[in-house]
Amino acid sequence: MACGKVILFGEHAVVYGVPALAVGIDRGAWADATWASPGTPGASSLHVHGWDITVTDDVDDEGLPLARALRDILRVTRAAAAVAAAQEQPTGPVMVQAGADLPPGGGLGCSAAIGVAVARALDPIAEDGAIAERVNAWERVFHGNPSGIDAAVSAMGGCVHFERSKKAREARESKPTIRRVHLARTLLLCIGHSGIASSTKTMVQAVARLRDRHPKTTHKAFEAISALVKSARLALEAGDVRAIGQLLDLNQVLLSGLFVSTPEIEQMCTLARAAGAEGAKLTGAGGGGCVVAIVEDTARGEAVLEAWKREGYDGFLTRVAPVAASVGRDAALPRAVQGSV
Ligand code: MEV
């Protein structure tokens, strides 16, 4: 099982080296892998339930990104197995079945969650950090220049502070710094879908064009987002839901300034605040997809969902609990992802 994600602060800016904060949610993706004996002829395949699509790794078709993603993840998984020579990895073809209960193009990390589930099914003993790295090869097929935050949160769960290098070349080549944020209390989040699917690749390219045309204003927006992320980390660690809400609202203003919001997203944020949410913003790439709102209690959460429903927007309530220190997940992570912020 791999979880979906909600970016609380810092989407888009994170692509350019600004830190971001994201949480894993209790919806996600699953996958099962069945290996044929080594030497068995035939191609490897991936079937995604719900999408009713099956791809094999022996087609070289630019129009089939899922086939390319399968090829890439098999390549990096096999390469890792070859390096860890002690680990016996089957070399025959593999049949993978996968599925997700996340909306594709919804900003909840559907493709990364399927990627993480597939990577784990292919190599169940790999550490979370290694899985996230492998899934970046998969994510590049769909998103062009992903920051890597979706794969990292999907693999790790909990609340994560993520930062990649600010230099474009290094960002592609070096490891990001990923740290757990220790939440002071369980977060209660309302997630609502604007009803419009969007493409992360297209939205990231739109922000890149804006940055080329208006480097100074875009830089200022990224600096403001960076300052927000610092305050938000403190608010999350203090369990200050009111402050988190106010910071979500400010982040939404800055995202609107990057032209990634839509009238539906603005309406959903307004509805959520009026129904009792402490704050709301788009989550993920924008241009459609989902909105996240934070609430103090279940009653207010239900009021937000009801307000969205009246206007035709679907939503659900999710809880993000503090990760128990004794669980020891950090211990399984490579040095780059250890420690708290
Ligand atoms: C997409 O979930 C988040 C973006 O910041 C892109 C990325 O980080 O790869 C828009």
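## Strand pairing and the ligand site

Strand 1 and strand 2 (residues 20-35) pair in the antiparallel sense, with 7 bridges. Strands here are DSSP runs (E, at least two residues), and helices are DSSP runs too (H or I, at least four residues); both are numbered from the N terminus. Two strands pair if DSSP finds at least two bridges between them.

This is a predicted model: local features need pLDDT of at least 70, side-chain atom pairs count only at pLDDT 80 or more, and totals for chains, interfaces and linings use all residues. Residues are numbered from 1 along each chain as its sequence is written, and side-chain values use heavy atoms, with hydrogens and water left out.

**The strands**

F9 stands opposite L21 in strand 2. Strand 2 also pairs with strand 6 (residues 159-163), antiparallel, over 4 bridges. There, A20 stands opposite F162 in strand 6. Strand 2 has another antiparallel partner, strand 5 (residues 94-100), joined to it by 7 bridges. A33 faces V96 of strand 5 across that pairing.

Strand 3 (residues 45-48) and strand 4 (residues 53-56) are antiparallel as well, with 4 bridges. V48 has I53 of strand 4 as its bridge partner. These two strands form a hairpin with 4 residues between them. In the turn, G50 has a positive phi of about 90 degrees.

**The ligand**

Which residues are closest to the ligand? They are K5, H12, P146, S147 and D150, out of 14 that surround it. A residue counts as near if one of its heavy atoms lies within 4 Å of the molecule.

The shell divides into 7 nonpolar, 4 polar and 3 charged residues. Ala, Val, Leu, Ile, Met, Phe, Trp, Tyr, Cys and Pro count as nonpolar, Asp, Glu, Lys and Arg as charged, and the others, Gly among them, as polar.

| Residue | Atom in the residue | Distance to a ligand oxygen |
|---|---|---|
| H12 | polar backbone atom | 2.9 Å |
| S147 | side-chain N or O atom | 2.5 Å |
| D150 | polar side-chain atom | 3.1 Å |

Strand 1 (2-9), helix 4 (149-156) and helix 6 (200-213) are the elements that give two or more residues to the shell around the ligand.

Key:
Polar contact = N/O pair within 3.5 Å; in protein donor to acceptor, adjacent residues only side chain to side chain.
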